[in-house]
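Subject: Handing over the structure

Hi,

Here is the structure I promised to pass on.

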Amino acid sequence: GRGDGRIAEAGGAAAARVNLRRMGLRIAFFLARPEFLMRRVAGVWRQYNDAGQMRVLEFANGRMVAELVGVTTPSWAFCCSITGWLAEAALAAGLKGTVVNHVECRSRGGGRCVWNLRRDSEEPLPVDAR
């Protein structure tokens, strides 16, 4: 790759497509509210990861803020894969047109790892941490 994280994002999105194929989860995505679903997606973190926790800090007005905590040394590629995973999970939850930005990254000198998801692409997006 070019170091822009796009390959890792594609890998994360592919992993989400595989993980979200389960019939029960698809039915839940069809029946439930997007906020519940995205909180549930964050809650299944431990099923696929050995350490850390994905927290939903905010979900309102077409916007979600998620934070990764408890991972000792996150890598840039790992964070990029999470960007792709969140984008695919939002799509599976019916949140079409969602833009995912990794706005703060510990592997790039930030104090924490935070993602903003926005459904309204008309709103200005925060500066990407990349």
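A few ground rules before the details. This is a predicted model, so local features need pLDDT of at least 70 and side-chain atom pairs count only at pLDDT 80 or more, while totals for chains, interfaces and linings use all residues. Residues are numbered from 1 along each chain as its sequence is written, and side-chain values use heavy atoms, with hydrogens and water left out.

**The overall layout**

The protein chain has 5 helices and 4 strands. Those are DSSP runs numbered from the N terminus (helices are H or I with at least four residues, strands are E with at least two). Going along the sequence, the order is α-α-α-α-β-β-α-β-β.

Of the 130 residues, 39% are buried. Buried means under 20% relative accessible area, exposed means over 50%, and partly exposed is in between (1.4 Å probe, protein chains only). The accessible surface is about 7300 Å², and carbon and sulfur atoms hold 52% of that; the areas come from the Shrake-Rupley method with a 1.4 Å probe, and for residues only the protein chains shown count as cover.

As for contacts (heavy atoms within 4.5 Å), take those with a separation of 6 or more: 56% of them join residues 24 or more positions apart.

The largest nonpolar core has 20 residues. By nonpolar core I mean a set of buried Ala, Val, Leu, Ile, Met, Phe, Trp, Tyr and Cys residues joined through side-chain atoms within 4.5 Å. Met-54, Leu-68, Ile-82, Leu-86, Cys-113, Trp-115 and Leu-117 have the most contacts inside it. Strand E1 (53-60), E2, helix H5 (76-92) and E4 each give two or more residues to this core, and H5 gives the most, with 6 residues.

Among the buried ones are Trp-76, Ile-82, Trp-85 and Leu-86. After H5 comes Gly-94, with a positive phi near 85°.

Beyond its neighbours within four places in sequence, its contacts include Leu-68, Cys-79, His-102 and Cys-105.

**The salt bridges**

A salt bridge here is a side-chain nitrogen of Lys or Arg within 4 Å of a carboxyl oxygen of Asp or Glu. The count comes to 4.

- Arg-6 and Glu-9 pair at 3.1 Å, N to O. They sit 3 residues apart in helix H1 (residues 6-19), so about one helical turn separates them. Arg-6 is partly exposed at 47%, whereas Glu-9 is buried at 13%.
- Arg-63 pairs with Glu-58, with the closest N and O atoms 3.0 Å apart. Glu-58 is partly exposed at 31%.
- Glu-67 and Arg-112 meet at 3.7 Å, N to O. This pair links distant parts of the chain, 45 residues apart: Glu-67 is in strand E2 (residues 63-69) and Arg-112 is in the loop between strand E3 (99-104) and strand E4 (113-118). Glu-67 is buried at 11%, while Arg-112 is partly exposed at 34%.

Finally, a network of salt bridges links Glu-67, Glu-104 and Arg-112.

Cheers
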